[in-house]
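Have a look at the structure first, then read on.

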Amino acid sequence: MLTVLLAFAVIDEAMAQQDAGIPASTGGKTDAVQHSARSPTSPDIGRISEIGNAADDFGTIGLLTMPSARGAEQGTVEFGLVGRAPYRRSYLRLHPFDWLEVVYRYDDITSLTPDGEVIATTQSRFWQHLLGGTGHPSRKDRSFDIKVRLWDEGDIRPAFAFGLQDMFGRAAFGGEYFVLSKRFGDFDFTAGLGFGYLGSRRHFGNPFRGISGRFRQRELDPSPGGFNFGSYFQGNDVALFGGVEWASPIAGLTLLAEYSGADPQREPFGLGAEMDERVPLNVGLRYRPSRWFDFALGLEGGRYLSARASLRFNALHLPRFFEDPPLDPYPKAGTVPRDEEAQEEDVRTPSDLLGERRGADVSGTLNAFLIARSLDPSLMRVDAMEASLMLTEKAPWPAERWPELAEALFARLPPSIDRLSLRRLDQPLSRAQIFLRRSMAQSEAAIILSLTADQEAPVRLCGRRLVVAAADEREQRLPVAALASLGQGIDEVIFVSGRRAGLARACPQASAGRRHVALDKERARFRARAVLATLSDPSVEGVTVRGTGLMEVLVASTSGSAAGQRLLARLRERPELLARLKVAGVATLPVGKVREEEAERADRLMRSLKEMGIEPLGVSFTGDRASVWIGEGLADRPARTLGRALRMLDREAPPRAVWLEVAGTLGGGERWRVEVLRRDVRAALAARGSPEEVGLHASWLPPRGGLLAREAMPEPDYRPQGRAIPGRLQVGVAPVLIAGVGRAEDGLIHADVDVDLIARLRLAKGLVVQGAARRYILGNLDSLTPRPDRQLPAVRSDIARYSREGHNAIADLTVSWDQALGRGLYMRLSAGLFEPMFGGFGGELVYHPRWSRWTLDGELYWVKQRGFSQGLGFRDYSTVTGHLGVIYDAGSGLTVTGRAGRYLAGDWGASLEVAQRFANGIELGGWLTASSRADREFGRAGNLDKGLFVRMPIDIFWAWGGPRRRVEGRLRSLVRDSGQRLQLNERLYERLLAQDPSRILGDWSDLFY
């Protein structure tokens, strides 16, 4: 585990150094915005930022022994070791959010035997205690801590946080606190109020005793493993604490001084008689030679040495160790050929652009405007056509006032800037709001022209005439049928020669050689297309309306007359439409069978998708639309799956295709469906646009298919060869880590490292057989000891025997069938060996309408315990287990899950799980489970099963996982039998949430990267 953490930390450091060296971009919006977010800080700011964000002796961010109100960046994970006689500690700290800190700590008390006998110790044995060389058994203790920062510091206001230390169970180090932190130059001051262990100096009585009498007494014998509601912020053990940290001139070195609220003579387990202090002050130093490693030394109470070392990394910044397949059908930025005038615009600097307006210092005016409104000018980026501004948390501009801000900025920007992007620093690019300078008609025309133009055509509105600048005669002959969708306020479209120069002269005067297009006939053709799309005749390839009132329809059928008669009959059912279109008759023009070229394109497309890990189910080319249906892709990165499908669809679609449509399927029906402009995709891939501009014109359409769906899913024109699914057999090999803690007598961490050979076979639509053969590599799970007086069925506590006898095992072998029952309603039936300890049969039912924040799921299984060798044999124990769950998506990657039901030991209970998912697919979270039979296992009620977990895509560190997409590591008790749920490789609701459009939009900036 330390090796993995160290590798992640080193990679995180390398990525940070690479980010700090990124040069300023002169390209599109995406590069400019990302650069502003990654810009390195100045040396002074970097030195000051090193104070106030390192761990104390308990693993919490603080001083030496006391916490502070500081935190770490969202996604930070830290593992550390602490030595201070008579304690030897290890901790794991997670930061799912900037404001939340969770610590799991393991204490090895080196001067206390497991029977509670205190062994005399002296400071001269510090290194012996630190290195574990005392030669006798020691006492073990586990703790959970949590800290919540209610607000960060401002110009005057200090940061404020509260926390619970050792919040569960017997809580030997149980304490609570309120704390303030404020930075002044190189100094960071902290002051707080501690309760319980953190307030054992007893400076004064409990300040809350006036609210209620229960605050006068602290519960001294809390329940093992449960919440200690009778202890939090209660009792008269209350004291002040505080300290200061100074960032020295030496880079990475800080000095600390602290007054602790904990009295060493009141240490738990009777150790206070052995503890003493000469002065009530602690002093120390910290040194951070790298962002991923730091260590600290301290002198506590004037006589006790302490030492700490830690490794940290940020889950948001981890790169993938194995690069994706090369996907470069288009040139990269800087190699796209453009005309001379466009190249001139690209090389101009933002200061040049801001100086275009005559008679005014635009740059100075803009900076003054931003500063006067508490905005940071350094976060404003301007290129040839667009400006972007990132707002800090302190900026007094809520989202509802952004249109007002955009209008004011446009008034101070040069006329060449016609697009403005606004977002906050803590928001992804996909959350940016884009504002246009142009009028609604101009914006509408620019979008419509993008249907047919190879490059952006500048437009200008002159009264009821729309002027379009065309660079050459070829562009002046552009088809203009799409312009018919313009509002009725535009009567005529005028194409002028030249680019911007011609556009500027278009309104005040007329000139020869211009092309005028009346929109009456074009609107008729547009309405005809709309009618035919409404009628949804799959045989129609195109339509035109002649001046004589004759509608010509191109059909893909060999019997053109029959198709025409059928269409005419349907049109006659809508006489008001025929009258409005002024159609006197319908003539069909059969185009024969589908071209062989399209079949080749579809075959290439499906083979390309398969090579990129996406399952192609079908392809259609109809009129100006190219569609592809896909099954499974990159489960942890759905936006990237969509981006790969769009990239390949654009490369292989016929030239006439203007719209690209991708539909994701699950259980025999469409799960989501989106269409985008092909031109936007090409511009983004050629670095002339961005994923956000693709999303600006994207349309999320209602899915089709399923038993109760109103609209049947259309039959694709092309399917994989033989109507089978190519590559239906997937094979892979993946490492497996099973880790956790045992009883206090078992030691620190126990783990086994195994390797799985995995196979997945798709037999039919929704029907899958999957299994894994497991081989033991190394580990120490076989040394775990179960409770000698266990009162529940041994559903998990025999893990040592499973590890010992299952060195060659069948990890799982199941057959499952997924089916869509209706809009948002899905079912799965499964049977087989679900996990190393249980097999059986059962099913899941999930209701999740797309775009909904709520998900309801239920599962019910009959299971039987497997043999210790984990072959095909079973033991005698069997049970029925199942749960009902509610999952809420709180936004920004946060999900909260509540469940209630029957567990494997026959106990009933409920659980709560909170998880934070990041854009790279990594999840950090934890859970609590209360069970009805915990008192039978632990001797009293109130015990909770609890733990932390990290889930990550396997391809972050492994490229050969095959059908296995994700790995999960849990820090939990390995020998607990109450509150244990059946383990499955993947539950149905996880697949549904991974394919929801909201998940795709949340990761939209990952579309093509």
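## Helix 15 against helix 16

Is the crossing of helix 15 and helix 16 right-handed or left-handed? In this predicted model, the crossing of the two helices is right-handed. Helix 15 covers residues 596-611, and its axis comes within 9 Å of the axis of helix 16, with a crossing angle of roughly 155°. That angle is over 145°, the cut-off for calling a pair roughly antiparallel, so helix 15 runs roughly antiparallel to helix 16.

As for who touches whom, helix 15 brings Arg601, Arg604, Leu605, Ser608 and Leu609 to the meeting. On the helix 16 side, the partners are Arg644, Ala645, Met648, Leu649, Arg651 and Glu652.

## Helix 16 by itself

Helix 16 takes in residues 638-652, which is 15 residues.

How many of the 15 residues of helix 16 are buried? The count is 14, so the rest of the structure largely encloses this helix.

## Helix 17 and its cover

Helix 17 spans residues 678-685, and six of its eight residues are buried, so this one too is largely enclosed by the rest of the structure. The buried residues are Arg678, Asp680, Val681, Ala683, Ala684 and Leu685.

What covers those buried residues of helix 17? The cover includes helix 16 and helix 18 (691-696), along with strand 26 (659-666) and strand 27 (669-677). Just after helix 17 you'll find Ala687, which has a positive phi of about 65°.

Now for a spot elsewhere in the chain. Glu245 sits in strand 8, which covers residues 238-247. With a relative accessible area of 2%, Glu245 falls under the 20% cut-off for a buried residue.

Which side chains make polar contacts with the side chain of Glu245? One is Thr254, at 3.1 Å. Another is Arg286, whose side chain is joined to that of Glu245 by a polar contact of 3.2 Å.

## The whole chain

Zooming out, the protein has 1009 residues, and 53% of them are buried. Its secondary structure comes to 22 helices and 41 strands.

Note on methods
Residues are numbered from 1 along each chain as its sequence is written. This is a predicted model: local features need pLDDT of at least 70, side-chain atom pairs count only at pLDDT 80 or more; totals for chains, interfaces and linings use all residues. Side-chain values use heavy atoms; hydrogens and water are left out. Helices (H or I, at least four residues) and strands (E, at least two) are DSSP runs, numbered from the N terminus. The expected span of a helix is 1.5 Å times one less than its number of residues. Buried means under 20% relative accessible area, exposed over 50%, partly exposed in between (1.4 Å probe, protein chains only). A polar contact is a pair of N or O atoms within 3.5 Å; within protein, one must be able to donate a hydrogen and the other to accept it, and residues adjacent in sequence count only if both atoms are side-chain atoms. Axes are lines fitted to C-alpha atoms, for helices over the stretch in contact, and angles run from 0 to 180 degrees between N-to-C directions. Angles under 35 degrees count as roughly parallel, over 145 as roughly antiparallel, 65 to 115 as roughly perpendicular and the rest as oblique. A crossing is left-handed if the near helix is turned anticlockwise from the far one by less than a right angle, and right-handed if clockwise. Contact means heavy atoms within 4.5 Å.
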